[in-house]
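Reader: Please walk me through how to read helix faces and surface patches in a model.

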Amino acid sequence: MTFSTHTSGKADAAYKILAPAFLVFIVAFFFLKVDLEPKITPDFFFSSDSEIYRKNQQIVDEFPSQQQILLNVTTAGSFEDPNFIEKIDTLTKRIQQVEGVTDVQSITNGPDDLDAARENPLWRRLLVGNNEQSSFIIAFIDTDAFTELVESIETIAAEEENKWFAIRISGLPYIVEQIRRNLTSDMKTFSLGAMLLSAIVLFLVFRSPLIVLGAMATCIAAAMLTLAVQSLFGIPIGILTANLGAIVFVLTLSHVIFLTSNRQNDTGEDEAAPLMATVMHTFPASSWAALTTLLGFASLIFVDAKPLNQLGVGGTVGTACALVCAYGIFPAFLGFARLKASSASGSAGRFSLALHGKAKGITVTLLVLTLGVATVGLPRLNTDPSLLSYFKEESELHNGIYYVDENGGSNPLLLVVRRENLEKLDNSESYEKMWDMQQALSEHEAVGSVISLPVIMAEGDEHWLGQLLPWNLLLDILSDPDYGAVAKSFVTEDRTHALFMLRMRESGRERDRLDIISEVEKIPALHGFEITLTGGTYYLQGELAASVARSMTTGVITLIIMFGVIAFLVSGAVMVAVAVMVCAGVISALLLGGLGALGMPVDIISSPAINICLGLIVDDMIHITVTAKRTLKAKTLSFKDWQVWKAALETQSWPAFVSTLAIMIGFSVFALSDFPPSQRFGVEIAIGAGIAVFLALIIFPYIASKGGRKA
């Protein structure tokens, strides 16, 4: 397509007016609509219309209970030391004053005395830990404002801790708040670091401050626009969308670099080359690349897991925003820039072409390596890591959560049971059977402690009056508000269903949560009970991990097929489609298999890295294919003619290499984070990007040139 000077001048003038206005609009829209504080609560797992969420909510509705924060106080001396008891009492009273705390249980607030705490089945399980070397304080909370509450409790713990008493904090609200803090810190600090390093790479490559300024303005604008549009859909910044800005930055940067490099090539051949010629030359490939990425994110929209669903919506919006900003803002900067042809540009093309003679051996070796890595690593891939994997080993935070977890568990699993013969549970026979089941559940290696109806009833039976009352009357008393209505949290009004709350251990867990739950669910049947509902955060996290694993498996396979279809639509050649699918399959197997072989967990935060890496490799291959097709049409050749790919690699190797280098260096800064999921996210993208560019420049053209037809 050719452009007259008049047409090009009008387009340039339009860009000069519209691009700044668009940029100002995005910035204003962003600051009016976006709250940058991540919103992460314990119920973030599934959308409210999913069956899994409804089942868990049914338990919450039938057995009203509150979130808990656990404090474990360890003494270097004796459990009976008056100073230790005084410290527990002081902590209890101070925590009771914290806004959002409704009740506090400890050895000084609950049991009658220390002997009762030791001997009573309920209090012993709740409050005594580590062979009487420590004691728990349990704060029941009724607020979603975790930030202020956790800060208050941390302040109290820091002020009361000394060389004689160590205080460790755990509980899901506390863990959720720590994840939120880490995401907030990394989102601000390391995202800015990644942008700065990317800017340095761009300046070293293109030697143009205007290009760097334009690239940063465009990429940041795309991220802002994405977050603003996402907010219109009612989606806050969450556990996955916290990294959405960085993801969109990367997607936009790829478009920007290919535009800049193609402009560099055009002006190298003709200094008066119209800007719109470069834009229209690059836009088709960028559009196809954006479509593949958009489909990848869109496939997550229909996943039950709420974080993946939100990322699917945000990523789909972000992909569109990246394309719109890259072509709506950046050309205004590109038109003013004075670019000179880079000697490195030719070197990159010559380097990739030099390896063509060895491409067959490289391809065979890589395929064998991929098969080996996938065979060893994929079966070992851990998509359901422990909560402890979210915190740096040997850190004070990790050690504190680990200690509490070891002494009674930390992650709630809820089982609702009933008698197989539908008998009521407020009689001696049911009590005995439930107590036997309680003991059996407690003996499972993954269970830290169990709180249930028989434990509550045993507490009442300890009192002399309770020993004289029948079970149904005792249960009536324990359900009365004057006695805290504690029984209502563990038995239904009709006395046919009971709740067993298991605090599950996360430390040392090597199997998936759902496998462990399946084992635990078999225990009630051995004692004449059947499970009607299963829930709790342990169960939800297990289902979430399974959903992540399914979406990665089906999502990657679906994406590979879709990429092949799109490659065929772009090229009209079967072997080009095959080459795209092979390369996408290789990077998926190498990256995921490598994570499994190295024992690196794939948590919910780092899991989107594979989608980004697939998007990067397809971007590169589509740009190469579109350029090859242009050469093919001009010279009436076939895709199996190597000179078609040679011409494409001479111009597209350099932007592919620069884009990859900027991404690798930018995301490698996440390796410095103190938050392991962010470390894994950055490292996976950096490694995946390196593999992607190698495949796109060496393996892809080799396979694509082995067959084809006239286009």
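Author: Met-581 sits in helix α21; helices here are DSSP runs of H or I, at least four residues, and strands are runs of E, at least two, numbered from the N terminus. This is a predicted model, in which local features need pLDDT of at least 70, side-chain atom pairs count only at pLDDT 80 or more, and totals for chains, interfaces and linings use all residues. Residues are numbered from 1 along each chain as its sequence is written, and side-chain values use heavy atoms, without hydrogens and water.

Reader: Is Met-581 exposed or partly exposed?

Author: Buried means under 20% relative accessible area, exposed over 50%, and partly exposed in between (1.4 Å probe, protein chains only). At 31%, Met-581 is partly exposed.

Reader: Which helix supplies the largest share of the nonpolar patch?

Author: That is α20, with 5 residues; α20 and α21 (574-598) each give at least two.

Reader: Why do some residues of a helix point the same way?

Author: An α-helix has 3.6 residues a turn, so residues three or four places apart point the same way. In α6, the buried residues are Phe-146, Leu-149, Val-150, Ile-153, Ile-156, Ala-157 and Glu-160. They fall within an arc of 125° seen down the axis, so they line one face of α6; the arc is that of the directions from the helix axis to the C-beta atoms. Exposed Ala-158 and Glu-159 lie on the face turned away from the buried side of α6.

Reader: Which residues of α2 are buried?

Author: Ile-52, Asn-56 and Ile-59 are. Their arc is only 50° around the axis, which puts them on the same side of α2.
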